[in-house]
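Here are my notes on the model, point by point. Please read them with the structure open.

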Amino acid sequence: MNLFMEQHGDSLPVEFKLLHYKPQPWSGVDSVSVGLMMVQMLDTHWPTKLSRERIAAKLGNPNLEADLYPVGSWRDRPPTAWMWI
C-alpha cells in the first residue's frame, strides 16, 4: 500500500484531489483494524449470539444454559465401523 502511494501519489482518484486529502502511510494497526472489521461484517450469527447472551443473563445459571445450548455435535464422536455392521 505504501509503495503504491509513493509511486502513484500524483494519480490518486479525483476524490483525493477535490478534498485535498493526502493519505497517511499504512501501518500494521490498519491491517489489524481492517481484519477485525471484516470479522464483524461477515459474522452473520450476531443476532443469535446476542439472543443467547440476553437469555444467559436472565437465567443466571450456567447449568441451565448448558442444557439449553449444548456444546458439540455428533461430529465430536463420529460413528465407528462397528456401528454400521
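**Notes on the predicted model**

1. Tyr 21 has a relative accessibility of 49%, so this residue counts as partly exposed. The cut-off for exposed is over 50%. Keep in mind that this is a predicted model.

2. Phe 16 is also partly exposed, at 25% relative accessibility. Buried would need under 20%.

3. How many aromatic pairs does the structure hold? There is one. Phe 16 and Tyr 21 form the pair, with ring centres 5.5 Å apart and planes at 40°, so it is tilted.

4. Helix H3 covers residues 28-42. Its 15 residues should span 21 Å at 1.5 Å a residue, and the end C-alpha atoms are 21 Å apart, so the two values agree. Is H3 largely buried or in the open? The number of buried residues in H3 is zero, so this helix lies largely in the open.

5. Ala 56 sits in helix H4, residues 46-59. Its relative accessible area is 16%, so Ala 56 is buried. Ala 66 lies 10 residues away along the chain, and the C-alpha atoms of Ala 56 and Ala 66 are separated by 9.6 Å.

How values were computed: Residues are numbered from 1 along each chain as its sequence is written. This is a predicted model: local features need pLDDT of at least 70, side-chain atom pairs count only at pLDDT 80 or more; totals for chains, interfaces and linings use all residues. Side-chain values use heavy atoms; hydrogens and water are left out. Helices (H or I, at least four residues) and strands (E, at least two) are DSSP runs, numbered from the N terminus. The expected span of a helix is 1.5 Å times one less than its number of residues. Buried means under 20% relative accessible area, exposed over 50%, partly exposed in between (1.4 Å probe, protein chains only). Rings of Phe, Tyr and Trp (its six-membered ring) pair if their centres lie within 6.5 Å; planes under 30 degrees apart count as stacked, over 60 as edge-to-face and the rest as tilted.
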